[in-house]
Amino acid sequence: MRIGTGSDIHRLTEGRDLVIGGVTIPYCKGEEAHSDGDVLIHAIVDAILGAAALGDIGSIFPDSEEWTKGMDSSIMLQKAIEMAGSEIVNIDATVHLESPKLRPYILLIRERLSQIVGIPIERISVKAKSAEGLGAIGEGLAIAADAAVLIE
Ligand code: MG
């Protein structure tokens with residue numbers, strides 16, 4: 001068994017989709033990014049790559065390349081699992097954002113991650129936290145995520 005952690009942050013901007021864990025959440029802003037900007041999946045990908053000591057998401061999917069432009073992050077997640085050559089035991093993740101409230105979407109996000117990763121939903125935990133109005137996240141300028149992953 002090996003453990004890994006990952007984190008990510010993106011600016012929130014108008015005219016972009018808010019994609020979290022493979023689910024597009026209705027909102028007036030979304031992640032500014034070269035890819036689809038899925039902050040939660042990016043944190044999970046880094047946790048998997050970290051557990052396997054395979055570098056980080058930026059080294060595998062450079063944001064300077066044309067082929068990663070607008071990329072669906074679920075493809076990055078599947079590729080990271082393939083590279084790690086391991087089974088994912090469980091995922092525990094936290095999304096940090098001020099709004100919208102994620103509670104109504106948590107189950108949907110866990111279901112989608114379960115499909116992408118190919119493990120039961122009971123092994124995938126997603127939590128959401130507000131920043132209590134503090135800093136860039138609290139002001140609604142950014143969204144961040146942390147993840148811990150155990151691989152076997
Ligand atoms: Mg990212």
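Is phenylalanine 61 buried or exposed? Phenylalanine 61 counts as buried, because its relative accessibility is 8% and the cut-off for buried is under 20%. This is a predicted model. The points below cover a magnesium site, an aromatic pair and a strand with its partners.

**Magnesium site**
- The magnesium ion is coordinated by Asp8, His10 and His42.
- The donor atoms are OD of Asp8, NE2 of His10 and ND1 of His42.
- These contacts span 2.1 to 2.2 Å.
- Along the sequence, the donor residues follow the spacing D-x1-H-x31-H.
- Histidine 10 has a relative accessibility of 14%, so this residue counts as buried.

**Aromatic pair**
- A pair of aromatic rings is described by two values: the distance of the centres and the angle of the planes.
- The count here comes to 1 aromatic pair.
- Phenylalanine 61 and tryptophan 67 form that pair, with 6.1 Å from centre to centre.
- Their planes stand 55° apart, and the pair is classed as tilted.

**Strand β7 and its partners**
- Strand β7 covers residues 142–151.
- Of its 10 residues, 7 are buried, so strand β7 is largely enclosed by the rest of the structure.
- Strand β1 (residues 2–14) runs antiparallel to β7, and 10 bridges join the two.
- Arginine 11 stands opposite alanine 142 in β7.
- Strand β5 (residues 88–96) also runs antiparallel to β7, joined to it by 8 bridges.
- Aspartate 92 has alanine 148 in β7 as its bridge partner.

Note on methods:
Residues numbered from 1 in each chain as written. Predicted model: local features only at pLDDT ≥ 70, side-chain atom pairs only at ≥ 80, totals over all residues. Heavy atoms only, no water. Donors = N, O, S within 2.8 Å, 3.2 Å for Na, K, Ca; no water. Buried < 20%, exposed > 50% of the residue type's maximum accessible area, 1.4 Å probe, protein only. Phe/Tyr/Trp six-rings, centres within 6.5 Å; stacked < 30°, edge-to-face > 60°. Helix = DSSP H or I, 4+ residues; strand = E, 2+ residues; numbered from the N terminus. Pairing = 2+ DSSP bridges.
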